Amino acid sequence: MNERTLRIALPLFVLVLVLAVWQAVVSIFAIPPYVLPAPGLVLSTLIADGGLLWRSLLVTLGITFEGFILAAAGGIVLAIAFNQWRAVEYSFYPYAVILQVTPVVAIAPLLLIYLPQPLAVLGCAWIVAFFPVLANTTLGLKSVDHNLLALFELYKASRWQVLWKLKLPAALPQMLAGLRIAGGLSLIGAVVAEIAAGSAGAGSGLAYRIAESGYRLNIPRMFAALLLLSLAGVAIFFVLSAFSHLMLRRWHESAIRRER
Amino acid sequence: MTSGSKTVVSLRGVDKTFESGVEALRGFDLSVRDGEFVSLLGPSGCGKSTALRIIAGLSKPSMGAVEWPNGAGGAIGFVFQEPTLMPWTDVAANVRLPLELSHREAPAAVNDALARVGLAEFAQAYPRELSGGMKMRCSIARALVTEPQLLLMDEPFAALDEITRFKLNNDLLAVWQELRRTVIFVTHSVFESVYLSQRIVVMTPRPGRGFTEIEIPAPYPRDERFRTSADYARFCREVAETLGKAMAGGAP
């Protein structure tokens with residue numbers, strides 16, 4: 001078998017194995033579904049509750065997407081501002097770090113007090129996702145080849161020419177790495193906020209369904225919702241990876257296959 | 001190409017001390033005539049690259065002055081030790097950059113510059129698809145595209161293999177003879193400096209200063225016959241001995 005086939009076949013084999021063991025354990029020990037539902041039951045719940053879960057998934061994905069876009073825009077704009085005006089960097093960078101290191105689970109309840117619920121959820125998604133974009137883009141903007149900077153200086157390039165034609169393209173690989181992390185994180189932020197909001201009795205996203213199903217001991221639906229969430233995370237990761245690859249495939253080492 | 005030509009640029013008693021306290025140049029004098037091919041020769045750390053950056057205006061002298069008798073006008077072309085290309089765009093866009101930065105449109109100039117260094121067929125290639133020698137050619141084309149009065153080259157071929165270096169030496173001489181631009185070429189290779197230059201400025205290390213100057217009166221065009229001639233060997237020996245004295249700190 002060639003490497004490509006193996007890379008698809010082996011994880012599939014592991015999946016089948018785990019599902020088989022799971023199903024067997026549930027049958028042999030006659031574990032009730034409110035403790036551990038069998039994979040088959042999870043799947044049939046997913047189909048039976050499909051409409052409800054799908055609507056919830058769309059709500060969560062909508063918030064994730066909005067949070068991601070705001071985080072991407074905010075992170076990149078802030079990184080450019082930091083890069084252009086040192087005073088801005090010195091003034092705000094410490095607070096960006098504080099925002100990042102404070103666990104979002106702890107911030108979510110506060111946001112829910114001060115903001116209307118949809119905004120609070122969005123705020124959480126933004127807070128966790130914007131920092132990697134900011135940090136990576138800042139690093140990228142700073143790691144421009146010094147000789148290229150000298151070249152731009154030699155030809156009397158304006159500040160904006162240096163930014164547009166040199167620093168931003170040079171920072172693109174790091175920026176895209178930041179966006180890839182931010183995609184997953186904005187989903188986490190949205191979920192955390194929904195759970196926090198859900199316990200306050202509001203919301204209709206997928207995470208709220210998980211919390212709600214938990215209260216009702218509807219464990220199969222919890223698993224089904226969890227499955228959908230993790231599939232959503234995987235999809236986000238693949239979309240962003242593909243985007244990154246598309247942007248870098250002509251020139252960056254990370255996107256180019258090594259020939260041996 | 002006679003010694004009677006006008007001076008393009010001269011350094012007068014230039015000192016350069018970096019913030020770290022390293023003294024790169026002390027009392028360095030240099031005068032370069034129009035159309036001349038001059039090499040600055042010395043061991044690494046002798047301040048020759050610093051001198052080049054000061055001429056380019058990329059670094060300010062701590063003391064002394066850079067004088068441009070005909071006005072500081074006229075673009076400068078600079079070729080770095082590394083190709084220093086933008087990896088995210090193709091060869092043509094890299095060469096076009098100096099024009100773009102000064103909002104000039106000159107597609108013909110880009111094609112001319114590429115053709116001059118033998119890269120016309122690689123205009124759409126990305127830098128990573130080129131060999132080391134071709135990247136350097138691209139870098140030279142970029143320096144030529146503004147038709148600069150003065151071309152500054154900072155050990156441009158130091159990282160290349162000998163076969164490629166000889167080829168690029170020949171091509172550089174051909175370009176120089178055709179365009180008659182002034183070239184200041186920094187190198188640590190005795191052989192390269194003798195092969196290329198009309199005049200070699202031998203520098204002493206730490207701090208860098210002019211030790212002595214040697215004229216290489218061999219006629220151009222120079223080619224492989226010159227490289228294997230007794231004259232070339234004799235010039236190389238003379239320059240190598242002088243460089244040895246410069247490094248030992250003796251008298252010229």
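**Arg116(B) and beyond**

Modeller: Arg116(B) is partly exposed, because 19 other C-beta atoms lie within 10 Å. The cut-offs: buried takes 20 or more other C-beta atoms within 10 Å of the residue's own, exposed 12 or fewer, partly exposed in between, with C-beta atoms placed from the backbone. This is a predicted model, where local features need pLDDT of at least 70, side-chain atom pairs count only at pLDDT 80 or more, and totals for chains, interfaces and linings use all residues. Residues are numbered from 1 along each chain as its sequence is written, and chains are lettered from A and ligands numbered from 1 in the order in which they are written.

Biologist: Which helix is the place of Arg116(B)?

Modeller: Helix H3 of chain B, residues 107–116. Helices (H or I, at least four residues) and strands (E, at least two) are DSSP runs, numbered from the N terminus.

Biologist: And what is Arg116(B) in contact with, leaving aside neighbours within four places in sequence?

Modeller: Ala141(B), Leu144(B) and Val175(B). Contact means that the C-beta atoms, placed from the backbone, lie within 7 Å.

Biologist: How far apart in space are Arg116(B) and Arg209(B)?

Modeller: 35 Å, C-alpha to C-alpha. In sequence they are 93 residues apart.

Biologist: Zoom out. How many helices and strands are there in chain B?

Modeller: Chain B has 8 helices and 9 strands. Its radius of gyration is 18 Å, close to the 18 Å from the globule rule for 252 residues, so chain B is as compact as a globular protein of that length. The radius is taken over C-alpha atoms, and the rule is 2.2 Å times the number of residues to the power 0.38. Along the principal axes, the C-alpha atoms of chain B fill a box of roughly 55 × 45 × 35 Å.

Biologist: What share of chain B is buried?

Modeller: 43% of the 252 residues. Also, take the contacts in chain B between residues at least 6 apart in sequence: 74% join residues at least 24 apart.

Biologist: What does the domain assignment of chain B give?

Modeller: Domain 1 (7–74 + 149–247) and domain 2 (87–147). Such bounds come from an automatic or database domain assignment. The C-alpha centres of these two domains of chain B lie 24 Å apart.

Biologist: How many residues of domain 1 of chain B are in contact with domain 2 of chain B?

Modeller: 9 residues of domain 1, against 7 residues of domain 2. On the domain 1 side, helix H5 of chain B (residues 162–179) gives the largest share, 4 residues. By class, that side has 7 nonpolar, 1 polar and 1 charged residues. Nonpolar covers Ala, Val, Leu, Ile, Met, Phe, Trp, Tyr, Cys and Pro; charged covers Asp, Glu, Lys and Arg; the others, Gly among them, are polar.

Biologist: Switching to the chain contact. How many residues come from chain A and from chain B?

Modeller: 15 from chain A and 15 from chain B. On the chain A side, H7(A) gives the most, with 7 residues. That side has 10 nonpolar, 2 polar and 3 charged residues.

Biologist: What is the mean pLDDT of chain A?

Modeller: 89, and 97% of the residues of chain A reach 70 or more. pLDDT is the predictor's confidence in each residue, from 0 to 100. Among the elements of chain A, H7(A) has the highest mean pLDDT (93), and helix H5 of chain A (residues 104–114) the lowest (86).

Key: Contact = placed C-beta atoms within 7 Å.
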